[in-house]
Amino acid sequence: MEGNAGPMTYSLETGNILTTPIGYIESCFKTKNGTPRQPSVCSLSRACLRISKSVFNNPEHSLMGLEEFSHVWVLFVFHKNGRLSCKAKVQPPRLNGAKTGVFSTRSPHRPNAIGLTLARLEKVEGGTLYLSGIDMIQGTPVLDIKPYISEYDSPKAMVPCQNDSAGNEENNKATVSCRDEPNGQMQTVCHQFSNKTERETIACINELPHIPLEPQEREKVKDLNTVFNALSSFAIEDISTCDEDASSHLEDDLIPEPSSFGVTCLHETKDACKTDSFVPSWVKHSPVANLKVRFTPNSEMELRQFQAPGDSGAPSLRYFKSIEEAKCAISTVLSADPRSVYRRKQCQDRLFYFSLDTIHITCWFGDGFAEVLKVQSLDSCTESLK
Ligand SMILES: C[S@@+](CC[C@H](N)C(=O)[O-])C[C@H]1O[C@@H](n2cnc3c(N)ncnc32)[C@H](O)[C@@H]1O
């Protein structure tokens, strides 16, 4: 896509491109206030995305095959940031006021204002995707959708093979990823295919016609079946070649050892198969504690007046399938303390408003808890504000 707009020259080569949203999110979250900071906070949150006919004449064609994936990455624009500007250091709410570099956070205020969310794909109907576990507000422009593939997208799938030298037949090793079927966790195994290390080769490779092995290599592998019978519960997912010289460690380290997931797996060396990811401690142990959430008897009663979708009578829910789901979603949103650091510190006694689906919620925060005071229909609230 190339073109001119003012002084800026758009060019794919330079990365200055003009984006066109593939569609706009219809979300149970209408405003930023109260929208979870990450999709994992509220798995019940729902949205749908209709692929725009201005992008593809037949949007349903672009979604062909996607229903075979459980999750999708959603790349979107933080269109309600106010302006396209950001600071190099930001204050993520989880750090409760402390600063860190913008690129070490998931702050919406970043160069290009691009967001990335991993959402569950509930279903695909025609040119529409139905998503859950989202953190995007109504009207969010979506730039792209990609299937989530744990075998590619997880650090567990990454084999640290240094000094890649494709074509060096002598030293070529195959890198095989095995998956433990029951829990879907990935473990990785490295094996050498040169003569002196053939016994370390994975036996179950024979079951993988798609693996790019020379016939003589495949032949060698056959004899190893017995050695690797223990691996029969694994599905080999992928194979690539590399030339890292770690063969000397293989003898001792090819003993099956229990992994952190209770899965037995072969490791070439512990060092060569470092596939665990890590994050700074503030991500897991935020100084901001989760809150207890409670409803006043009155707000409970108000919530019960909402109807599940399809039921007659108003007010009715659109995204949540039951009052219980709605209550659970409200609780998870509040438990994660959706207030900004400023509000948390400077306006502790102020009422907090947010909306979820067709519900407008009024609550307040005390020491370690959030209390829902009022539950109204979003429509009636908007009407009274007019
Ligand atoms: C911290 S960001 C994380 C988004 C995404 N998971 C990521 O990591 O890029 C999520 C917050 O962005 C805000 N937000 C969601 N959609 C937005 C939009 N379209 N424009 C501006 N802010 C948005 C909401 O306040 C939400 O709590």
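A polar contact here is a pair of N or O atoms within 3.5 Å; within protein, one atom must be able to donate a hydrogen and the other to accept it, and residues adjacent in sequence count only if both atoms are side-chain atoms. By that rule, a polar side-chain atom of Thr-140 sits 2.8 Å from a nitrogen atom of the ligand. The model is a predicted one, where local features need pLDDT of at least 70, side-chain atom pairs count only at pLDDT 80 or more, and totals for chains, interfaces and linings use all residues. Residues are numbered from 1 along each chain as its sequence is written, and side-chain values use heavy atoms, with hydrogens and water left out.

**The ligand and its surroundings**

- The protein buries 93% of the 600 Å² that the ligand exposes when taken alone (accessible areas come from the Shrake-Rupley method with a 1.4 Å probe; for residues, only the protein chains shown count as cover).
- Two elements, β5 (71–77) and β8 (114–125), each give two or more residues to the shell around the ligand (helices, H or I with at least four residues, and strands, E with at least two, are DSSP runs numbered from the N terminus).
- Strand β8 gives the most to this shell, with three residues.
- In total, 21 residues surround the ligand, and the closest are Thr-35, Pro-36, His-79, Asp-135 and Thr-140 (a residue is near a molecule or strand if one of its heavy atoms lies within 4 Å of it).
- By type, the shell holds nine nonpolar, seven polar and five charged residues (Ala, Val, Leu, Ile, Met, Phe, Trp, Tyr, Cys and Pro count as nonpolar, Asp, Glu, Lys and Arg as charged, and the others, Gly among them, as polar).

**The chain as a whole**

- The protein chain comes to nine helices and 19 strands.
- Of its 386 residues, 43% count as buried (buried means under 20% relative accessible area, exposed over 50%, and partly exposed in between, with a 1.4 Å probe and protein chains only).
- The chain exposes about 21500 Å², of which carbon and sulfur atoms supply 52%.
- Among contacts with a separation of 6 or more, 66% come from residues 24 or more positions apart (contact means heavy atoms within 4.5 Å).

**Salt bridges**

- A search of the whole structure finds 10 salt bridges (each is a side-chain nitrogen of Lys or Arg within 4 Å of a carboxyl oxygen of Asp or Glu).
- One of them pairs Arg-50 with Glu-26, with the closest N and O atoms 3.0 Å apart. Arg-50 belongs to strand β4 (residues 46–50) and Glu-26 to strand β3 (residues 23–27), so this pair ties together parts 24 residues apart in sequence.
- Glu-26 is buried at a relative accessible area of 18%, whereas Arg-50 is partly exposed at 42%.
- Glu-26 also meets Arg-318 in a salt bridge, at 2.9 Å from N to O. Because Arg-318 lies in the loop between α6 (297–304) and α7 (323–335) while Glu-26 is in strand β3, the pair ties together parts 292 residues apart in sequence.
- Arg-318 is partly exposed, with a relative accessible area of 47%. Shared partners join Glu-26, Arg-50 and Arg-318 into one network of salt bridges.
- Elsewhere, Asp-337 and Arg-339 form a salt bridge of 2.9 Å, N to O, and both residues are buried.

- Gln-138 is in the loop between β9 (128–132) and β10 (141–147) and is partly exposed, at 30% relative accessibility.
- Not counting residues up to four places away in sequence, Gln-138 touches Ile-25, Glu-26, Ser-27, Phe-29, Lys-30, His-79 and Tyr-319. Thr-31 is 107 residues from Gln-138 in sequence, with 7.1 Å between their C-alpha atoms.
- Ser-299 sits in helix α6 and is buried, at 0% relative accessibility. Its side chain reaches the backbone oxygen of Thr-296 at 2.9 Å.
- Leaving aside neighbours within four places in sequence, Ser-299 is in contact with Val-372, Leu-373, Lys-374 and Val-375.
- Ser-11, in the loop between β2 (8–10) and β3, is buried at a relative accessible area of 10%. The side chain of Ser-11 reaches the backbone nitrogen of Thr-14 at 3.2 Å.
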